[in-house]
Amino acid sequence: MDKIVTRFAPSPTGYLHIGGLRTALFNYLYARANGGKFLLRIEDTDLARNSMEATKAIIESFEWAGLDYDGEVVYQSQRFDLYKTYIQQLLESKKAYYCYMSKEELDALRKEQEKNKQTPRYDNRYRDFTGIPPQGVQPVVRIKAPLEGNIEFVDGIKGQISINAKEIDDFIIARSDGTPTYNFVVAVDDALMGITDVIRGDDHLSNTPKQIIIYNAFGFALPRFFHVPMILNSQGKKLSKRDGAMGVMDYAKMGYLPKAILNFLVRLGWSYGDKEIFSLEEMLELFNPNELNSSPSAYNEDKLLWLNQHYIKYMDNTLLEQLLGHFGVTKLSESKREILYPALKDRSNTLVSFAQGFNEVMNAPCSYDEKMRIKLDANATQWLNKLCKNLNMASWEDNPNIIESYLHQFALEHQIKIGKLMPTLRCALLGKSGGIGVCEALAVLGVEESMRRIYTFIRYQNNI
């Protein structure tokens, strides 16, 4: 088999969305797993709609996801002279021609065809034109499409595809201002860049026969095609922004990890038995585009959150602390971090929710859960006063187990039910139910901060 060369070729008219990243991932895995090349091409020939900001976001998304590409980024907007050369080549070889049909003539033709219940299409009137060109018309360039037979190719996902040549007219490859059209530049670039395998969304399936015509006109070798079904929402409709079709960097801002996103995406359209968790190394070892599903995949936010929590849970705490710095989380001593982080990992499915949990512990409560507070024992403040006096003298260590033993001993000595003491402490320290354990909170906060919060709560209770 030839050395695999794949590419991802987004248009910078908007941010790279989740479906685009999935396509990039499939191309990346296939190339890397086979010792091939993975190239990045920015299809920015639509100068009116291109956005430099979107281009930067595409590059940034690749860096964030950890998908490295080979060589320099190819920008189509820098290759217009090259495309003109190849268009001229087709004109000189009589495989393309100038068409002088005006917009008004084309509109009139389409109306007539629709009236006769025919499929609107160009009627080839200038295909073999040898007369004098009409004045005042800037011509387009059309390629000579085959007039009979079938255009056939084998799709790695959909199988044998056959299109009757009569369904494709002599389509435009260069506009009247000389700029090349999408299908022309894609076919030329894929051939010149040595692309062996084109993995892309099945919304491009209708473009493939036209690109094959261009390949054949130049005598280029055809790549292998894989047209991946799109991602749908839970109702089986096209994915909208509300369903998850956001920019990739929006997921980063929401606190998702690259490993979780890539794991989630590789399972949208591909599977390996019942396995759900895939490291990048496992993806490289197991992924095969020939095994991609032929039916659309459903976006499942719950699955993504579950995966994200899995990767947060097993992430090294030092690395996790670095990432959390972008979400306003301050650094702790190693001993306190090793208590708090494991406690929060079990309760956090994004870095945002982790940061929220962190701040709920480290920032003193501004208010207290009223439903929780009114259920506290009538002697709650007396217990807390006694506890603070004992805490002052207690040998305190950053160890939740030692603290738990100490609290049980305190409750026993003062004839307090531990099941009533703990909610009282929780309300004083954290202001609400739920969250990390009381002993963990005491260990992380330390004696001084814990006493400050307890005395604040006592004053609040006494002033009500």
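1. Let's start with a cysteine. Cys427 is buried, at 0% relative accessibility (buried means under 20% relative accessible area, exposed over 50%, and partly exposed in between, with a 1.4 Å probe and protein chains only). Its closest cysteine sulfur is in Cys366, and at 14 Å that is too far for a bond. Before you read on: this is a predicted model, where local features need pLDDT of at least 70, side-chain atom pairs count only at pLDDT 80 or more, and totals for chains, interfaces and linings use all residues. Residues are numbered from 1 along each chain as its sequence is written, and side-chain values use heavy atoms, with hydrogens and water left out.

2. Cys388 is buried, with a relative accessible area of 0%. For the sulfur of Cys388, the closest cysteine sulfur sits in Cys427, 14 Å away, and that is too far for a bond.

3. As a reminder, a disulfide is a covalent bond between the sulfur atoms of two cysteines.

4. Now the overall build. The chain has 18 helices and 12 strands (DSSP runs numbered from the N terminus, with helices being H or I of at least four residues and strands being E of at least two). The chain is more spread out than a compact globule, because its radius of gyration is 32 Å, well over the 23 Å that the globule rule gives for 464 residues. That radius is taken over C-alpha atoms, and the rule is 2.2 Å times the number of residues to the power 0.38. Along the principal axes, the C-alpha atoms fill a box of roughly 110 × 50 × 35 Å.

5. What about the inside and the outside? Of the 464 residues in the chain, 48% are buried. The accessible surface comes to about 23,500 Å², and carbon and sulfur atoms account for 48% of that surface. These areas come from the Shrake-Rupley method with a 1.4 Å probe, and for residues only the protein chains shown count as cover.

6. Take the contacts between residues at least 6 apart in sequence: 75% of them join residues at least 24 apart. Contact here means heavy atoms within 4.5 Å.

7. On charge, the chain carries 55 positive and 57 negative charges, and their mean positions are 4 Å apart. Lys and Arg count as positive, Asp and Glu as negative, while His and the chain ends are not counted. Each charge is placed at NZ of Lys, CZ of Arg, CG of Asp or CD of Glu.

8. Most residues other than glycine have a negative phi, and most peptide bonds are trans. Lys94, though, has a positive phi, near 65°. Lys94 lies in the loop between α3 (80-92) and β4 (96-99) and is exposed, with a relative accessible area of 61%. Lys117 also has a positive phi, about 60°, although it is not a glycine. You'll find Lys117 in the loop between α4 (103-115) and β5 (140-143), exposed at a relative accessible area of 79%.

9. Leaving out residues up to four places away in sequence, Ile199 touches Thr23, Phe26, Asn27, Tyr30, Phe226, Val228 and Pro289.

10. Gly159, in strand β7 (residues 159-164), has a relative accessible area of 23% and is partly exposed. Neighbours within four places aside, Gly159 is in contact with Phe153 and Val154. Ala298 lies in strand β12 (residues 297-298) and counts as partly exposed at 48% relative accessibility. Again not counting residues up to four places away, Ala298 touches Leu232, Asn233 and Leu268.

11. Last, a histidine to find in the viewer. His408 lies in helix α16 (residues 400-413) and counts as partly exposed, at 37% relative accessibility. The C-alpha atoms of His408 and Ile418 are separated by 6.5 Å, with the two residues 10 apart along the chain.

Methods
A disulfide is a pair of cysteine sulfur atoms within 2.5 Å.
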